[in-house]
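Here's a friendly walk through a protein model. Take a look at the sequence and the structure first, and then read on.

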Amino acid sequence: MLKVGTREITKFTGGEIILDAQYPYEKLGLFYLGRELDMDRHEVSDLPFLYKNKNLTTHAAIIGMTGSGKTGLGIALIEEAIMDNVPSIIIDPKGDMGNLLLSFPDLKAADFSPWIDSTEAEGKGLSVPEYAEEVAENWKKGLASWGQTGERIRLLHEKSDMTIYTPGSTAGVPVSVLSSFRAPAEKVLNDTDTLNSLVNSTATSLLSLVDVEGDPLQSREHILLSSLFLHFWRKGENLSLEDLIGHIVNPPFNKVGVFPLDIFYGQSQRMSLAMMFNNILASPSFAAWTQGVPLDIQRLLYSETGKPQTAIFSIAHLGDTERMFFVTMLLNQFTGWMRRQQGSSSLKALLYMDEIFGYFPPIANPPSKKPMMLLLKQARAYGVGIVLATQNPVDLDYKGLSNIGSWFVGRLQTRQDQDRVVEGIVGASEGKLDVRLVKSLLSDMKGRQFLLNSVHLEEPLLFETRWVMSYLKGPISKNDIKKLMEKKRESNSDDDQADSPVSASSPGSQVLIDNPPVLARGIDQLYFLQNVMSEEICFEPWLWGTASVRFYNSSRNIDIVKEISLRLYLDEGFSRPDWQVAETAACSVEDCVFEPPDKSTFYPLPAAFAEMKNLTGLKKRFSDHLYQNERQELFRIKGTKFESVPEESAGDFKVRFSDSLREQKDEAVEKLKEKYEIRQERLEKKLQTAYNRLEKEKTDVTTKTTDSLISFGAAVVGAFFGRKALSASNISKAATGMRSVGRVAKEQGDVKRAEEAVMGLQQELDDLSEEIGEKIDALAEDFSIDSHEVETFSIKPRRSDIFDLRMVLLWEMTV
């Protein structure tokens, strides 16, 4: 055992890795993806492959044929992101990524049994329970061989909520896609190129739903839709599909370019286009597109309390046109969310697409291509990593390839595929890599083996992927999704019911009157008609107060105005309004009329109200209530100046502070790295010297692979310093050489000294590992959000900050 601070780290023995979950490699932001392979001999070493998560901010591509282990690597990446508290949005065209929900901390056969393929079990001559026992045991052994246990799976569950969303279907959690086309953030509105890209892709994807090929420069349909989106988005207004249909018929402008609207695109033609979209809205098959959770990226990535989430969008059940529409809408919404974030050099979120074929092609221009290209160009500045997976490298746009910093390449099906990858990797290396070397590496690939070429590494690296914590049963069907998401759907349904407005209690057996009561001239009356058909119209009386409340604080640069709209039901017992029990009014003044429809009936007013001459006294009490109770609540980290901004929820504030801590920790780790740079260089030289000496002394000795001398702590040091000389090939050569010459140690006196030199190197690596481990533990504690207390404070209005008060009698139509 190697002691690291208060921890004991088991060394690698017999080809198995024994991980100590307490070792701070996760605190260093390192993804544990597998074992390194010796570049020269293609043999598996015992050195774990640890990859810096922030390297993914320069994006990644995973390429490999069926059976290459591409899906396993993708799932391992997401699992490690969860372990590092990094949220993910996953686009899953084939249904493979739903396997992330099939992880079982207890590793019992009963957990696996519901997901066993009965046909597969029958083919092995076993019943489903018997085969489940076999699979559970196999998974337990597989995890153990990679140093993982059920406890790591349990931690995976604690760190993130995983949800499968099914747009256009209620199999999983449905997503409301057509209910709103949200206006982009102000930063996007001020960036002409980004705004135009979002508008064009949104218009193109919408038109594809009605089988209209909309060229941005030639199509009148496309130009009209783009003009409508630009008009309303620049005003900061969201659009629903219903709104869009109405505005297609009656646009809020009279000209398009220099031509009058009716000459450019006539009324009858606009009506035809509106009817096409209305048919979509009216179609029962599209009802699911307007139901479910909103496409709110912040809420998909983080819960209300700020907990990171993993959102899987399963789209295997959709047709090609629907898939393209949804992917384009999701990418647009993701871009809008991203542009509202603060810049970051740390990895704060992942966007993963499991099969990019057809969405980012080299020649064609589908609606999804522009927003994907935009993300690849801009996401790095915001700490967002894009990971694209494909079976075929020719599926990717060649311009987009230059924005991808890490390539994970597995087995490829054809020589053409290998040549394309070789061309890309060697070209990106600026002459540092040899074509023959890369071709040789790719030609010898086996399943679960990958060549990594990255701008963050000095040379390519071979590795074998680890055993994933999730059970890989194959594509997840709609029925599987229904089983997995049953509780989530019920929970969302309960939330919707809890959020639905509660109507006022029944007025009881009061006698209706045929005319509104006659009141003093000083009392204004308004009438609110519900948007429903009814043969009898009856109104209930409410006291409705509206006001503007300003919250001002110069030192915090806060100057906002909050619009207040409260109502109280005027029942028979009314004498003095209690605004503490008031509810938010569901209508605005613009929604109301000044006269009731003919033949309306009314519930009577309470006597105390009917006798009033004016509402001045009630208005004063309303103003007092606002002065005493309205506050702009804010949050701050105790002992710091880190504070929330107005309208920021406690959960979103926690997310923003966590991002800040992550960035501060990364900066502190870089400083720590600089501090140990000299010792690192010295260790590299000692490693090279030891290796050279062993090579010299091992003449006539047959080498063979043996147990590694390198501890897990030393492996972390290698990843911490960016590998350099501490690679699988160099270390395994040194280890193998030491073991080989040890056979003739009695005959060659110099060998003993060479062996001692290498053992000295190991001790220095272990000492450095221990020292860095202790420093990282301290950093992790300092930059843990659990070490910081969130406190609440508020800004109150002045008397003069309450203005535009209005008090009216509101007659609301009963439903």
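This is a predicted model: local features need pLDDT of at least 70, side-chain atom pairs count only at pLDDT 80 or more; totals for chains, interfaces and linings use all residues.

Let's start with helix 11, which runs over residues 267-282 and has 16 residues. From its first C-alpha to its last it reaches 22 Å, close to the 22 Å expected at 1.5 Å a residue. Which of its residues are buried? In helix 11 they are Arg 270, Leu 273, Ala 274, Phe 277 and Ile 280. Look down the axis of helix 11 and these buried residues fall within an arc of 105 degrees, so they line one face of the helix.

**Salt bridges**

Now for the charged side chains. Searching the whole structure turns up 25 salt bridges.

| Pair | N and O distance |
|---|---|
| Arg 154 and Glu 151 | 3.3 Å |
| Arg 339 and Asp 191 | 3.2 Å |
| Glu 791 and Arg 636 | 2.8 Å |

Take Arg 154 and Glu 151: both lie in helix 5 (residues 150-159), three residues apart, about one turn of the helix. Arg 154 is partly exposed, with a relative accessible area of 29%, while Glu 151 counts as exposed at 52% relative accessibility.

Next up, Arg 339 forms its salt bridge with Asp 191. Arg 339 lies in helix 13 (residues 320-339) and Asp 191 in the loop between helix 6 (186-189) and helix 7, so the pair ties together parts that are 148 residues apart in sequence. Arg 339 counts as buried, at 9% relative accessibility, whereas Asp 191 is partly exposed, with a relative accessible area of 21%.

Then there's the salt bridge between the side chains of Glu 791 and Arg 636. This pair links distant parts of the chain: Glu 791 sits in strand 24 (residues 790-795) and Arg 636 in strand 23 (residues 632-637), 155 residues apart. Glu 791 is partly exposed at 24% relative accessibility, and Arg 636 is partly exposed at 24% too.

Finally, salt bridges can join up: Glu 79, Glu 80, Arg 152 and Arg 466 are linked in a network of them.

Note on methods:
Residues are numbered from 1 along each chain as its sequence is written. Side-chain values use heavy atoms; hydrogens and water are left out. Helices (H or I, at least four residues) and strands (E, at least two) are DSSP runs, numbered from the N terminus. The expected span of a helix is 1.5 Å times one less than its number of residues. Buried means under 20% relative accessible area, exposed over 50%, partly exposed in between (1.4 Å probe, protein chains only). The arc is that of the directions from the helix axis to the C-beta atoms. A salt bridge is a side-chain nitrogen of Lys or Arg within 4 Å of a carboxyl oxygen of Asp or Glu.
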